[in-house]
Amino acid sequence: MRQSSLDKIQEYKKELRELVTDPALRKIIEAYSFPNPVDQMETELDKILLEILNEENKESNSSRL
Amino acid sequence: MKRIKSLTVQGFRGFNKLQEPIEFHDKLTLISGQNSYGKTSISEALEWLLYGITSKIEDASDNKSEYLGSYRNIHFPEDQTPFVEAVFVMDDGSEVVYRGELQADETIQRYINGQKVDNWTWAIDAINDPRPFILQHALKNLLLTKPSDRYQRFTKLIGEEELADLQDHFISLSTKYDPPREVANFLNSFSGLEEKIKSLPNLEKIFKLYQKSDFDKFFAAIKTECLSRTGKSLVDTDEILAELKNLRGLSVAKYFDQQLVLESFSDEEEKLILDDTNFLINSITDEFSSEYLGLIKLATIQHIIDRAKFLNHGLAELLNKPKECPFCGHPLTENETTKIQHECNRVNEEESKTKNLQARREEINSKLKALRKRFEQGYSRLVAKSDTLLSLDTQDVLQKLEMVFGVENKTHFDTVKNAIEDVRSRKEMLNSSYQITVGCLDDVDDSLVKSTETPEKIKNLADVFVKHISDIDVYKKTMKDHAKTISVASKVLTNILDLQAGTQELSMLIELLERRVMLNKRAVIIGVLGRVKELQKQVKEYVSNKIENTVNVDLTRSVLNWYERIKTEGDPDVHFNGFELPKTKSGAIKSRQIAVNAKSYNKLLPSAVSSLSESKLNALGLSISIANNIKGNSTFGFLVIDDPVQSMDTGHSIQIINIIRSLIDDEGKQVILLSHNAEWIRETRKSCRSINGKYYEIESYTLDGPAIQRGMWAAVDERIAEVKSFLNKPGLKRLDKQKIAEEFRLLYNELAADICKAKTGNLVNPDSLNSIKLRALLIQSDIDSTLTDSIFAAHTSVSNAHHETAYDEPVQTLREYLKFAEQMKLILEETRIKNKTSKKT
């Protein structure tokens, strides 16, 4: 992929990151990279979900009655 | 900006045998030929050389297999390799030969100046640039296709493929993403719960919130609902849970007041059991055992202590009467006295070792107590796990349970019964090994108290420990095997009891509270997945806005600029009016669509593509391609335009010539124009007379391929007439004289090549002639030497005219040059007549 395309993609990623506030989504956008952008984003999303699943089973403050 | 100098094709598409290279003019080359004479093979050969694929095949998408084998000319000898070779003039003026050979697998093998290469040096830069080809089939594909395909082609055309790809990638993420197996299993584990809440109308609010990812609201709703059931102002979740369980228990007790529970061992419990067994085994086989055996060893030398006492007593007596035995009075020698002394010391040393025997015994006894305590605690924990289930093991309870399950759920009851029997049997087995182990512990304990330690006792204890640990494993496995089925049966029982007691909602609330931590996790995961879907929408909006800006503003403006130039005065007012990204009623841009707008007498047409005539669509397609090709810095300085005037009348065809002219003069393009329309090509040559480009005519098509003949840009008579008319003008300027000089050069070259052909039959490319070659050709054609020398001198003068800013030959000299041309023309005509006559005779 030529440099101008990579520059464009960087610009799009930057603009998209500015559009979202959610940290998980920002991480996914950041993971977008060639040659397999979908795979990269899926791997990042896998990581995010597994982190949530495997984090210590704590009762959040909000769930305390 | 690379320009193309020549093209040679062999064995590719319509080309079979090797032909002379097609030489291109640096401004305009025209190639005329009837349909199916091989014009398109020229553009395809060049396209294939540059990109390794032709757009016709590339655009075929799913039907590529239909085109397999179509690159190779069917008549081309099998033992030869088809190739396309082009000479390009680079930015620095150097010439580079690019050659592509067609491989058996349809791929291209590339060579630069004879050296094999994997790719062209400029390939990466050019991949997203508009291709320097304006092809009719491509134009039709662009417009006469469904809006979604048009969107894809347009984004490619306007160089925004990355944006379209970006959108595709995010769509793929949001629609095709599968969470990891662990996450998917986790989410699936809530499917039963979801169904149950859904079936309870009073918990509708909770169900609605369950479907969303806001756990706080969901949990607050549960809290409100729970508190309304308890009627108490409780704060702690566990307290509320206990209260709910109590309420439910009271309600269902009249139907069945026992619990059906068999929990398998948790990871924590498993770890505890493992620690216990490891401790017991290690203690009994290593540390404790060796200490106990050491104790036996010490006990065996207890008699030494008695002997030491006896000897010490004797020794004390010996001090009083050193010459006789202290016990019998028998006289002693000095040797005997020394021996007694020595023996006494030795026994005293042995005695010191046995002094702490009792202390050691007490220490081991205390270790045994600790070991016994841990053993008994471990056993109690193990058996307690099955207590609840086994508490059902009475005739009354089982009868009651069978009744509650009813005939419909008898299999569940049988499962419970089997589990009870199985677990009870394993528990009894475990208890038996426990009792034996306790007996062995007692024996060891007793031996320590009575100082009757034996190796057999400690060995027995180790053996029964091992057996007991093996029974623990069997017991655990039995519990695990039945835990799942008991859990299912328990859920069925809960449902039955809830149904009978009307406590479904209470049960549901209990389950929600019990699973609150996991529900929170679920909500977080669902939230992330939901936001990923939302992200796709945000990306779509972002991409659409960017594309809309490019299409509505940049593309529409530049295309309209070219389209307006093709319009004629007599055109009906039905025209292309711009591009647009269609929007929904709410104003959102529809995904991946580009609409082509047209107006009829100021009224917007519903469908431009179906309303515009074919010639208008051609004009539009041409305008789009041109607009796109000239924007930015293209890798290539040339543009191949294939049959641009299809379906166009004379008026519009003339406008296209003006556009070609503009591309050359204003945009600096090298244009290669192919057309079936000989009349239009003639008109183009006439309109672009001053360019003096190159013109080829494909005269026929045979098995060998297209018969391409070099034609004259302007007829000799026409050129001579023009020069005469110029020379008759008063006040010729230097620039005019330079133009006349160029006309002379072309006239001399073309006439010399024709004379040579007429006289000798040899074909010569007039463009290849310089002054020296021209002179040689004239001599070869047997032209009078005086005339030959004059033409040589004139040719030398006019050939340099365009380099000389101060070219200012007197008009009289130019008239002389004209005479030479006229003389050559006369020779040519006479030769042709002569040839005709000799043919007849």
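User: Over which residues of chain A does pLDDT stay under 50?

Analyst: This is a predicted model, in which local features need pLDDT of at least 70, side-chain atom pairs count only at pLDDT 80 or more, and totals for chains, interfaces and linings use all residues. Residues are numbered from 1 along each chain as its sequence is written, chains are lettered from A and ligands numbered from 1 in the order in which they are written, and side-chain values use heavy atoms, with hydrogens and water left out. The pLDDT is the predictor's confidence in each residue, from 0 to 100. The stretch under 50, for which the model has 14 contacts (heavy atoms within 4.5 Å) beyond four places in sequence, is residues 61-65 of chain A.

User: What is the mean pLDDT of chain A?

Analyst: In chain A, 80% of the residues reach a pLDDT of 70 or more. The mean for chain A is 84.

User: Which residue in β2(B) stands opposite B:L7?

Analyst: Strand β1 (residues 3-10) of chain B runs antiparallel to β2(B), and two bridges join them. Opposite B:L7 stands B:I22.

User: Are α6(B) and α21(B) roughly parallel or roughly antiparallel to each other?

Analyst: Axes are lines fitted to C-alpha atoms, for helices over the stretch in contact, with angles from 0 to 180 degrees between N-to-C directions. The axes of α6 (residues 161-176) and α21 (residues 516-566) of chain B come within 9 Å and cross at roughly 165 degrees. Angles under 35 degrees count as roughly parallel, over 145 as roughly antiparallel, 65 to 115 as roughly perpendicular and the rest as oblique. The two helices α6(B) and α21(B) are therefore roughly antiparallel.

User: How many nonpolar residues has the contact of α6(B) with α21(B)?

Analyst: Ala, Val, Leu, Ile, Met, Phe, Trp, Tyr, Cys and Pro count as nonpolar, Asp, Glu, Lys and Arg as charged, and the others, Gly among them, as polar. Residues of the contact include B:F170 of α6(B) and B:Y542 of α21(B). Beside three polar and three charged residues, the nonpolar ones number 11.

Technical notes: Two strands pair if DSSP finds at least two bridges between them. Helices (H or I, at least four residues) and strands (E, at least two) are DSSP runs, numbered from the N terminus.
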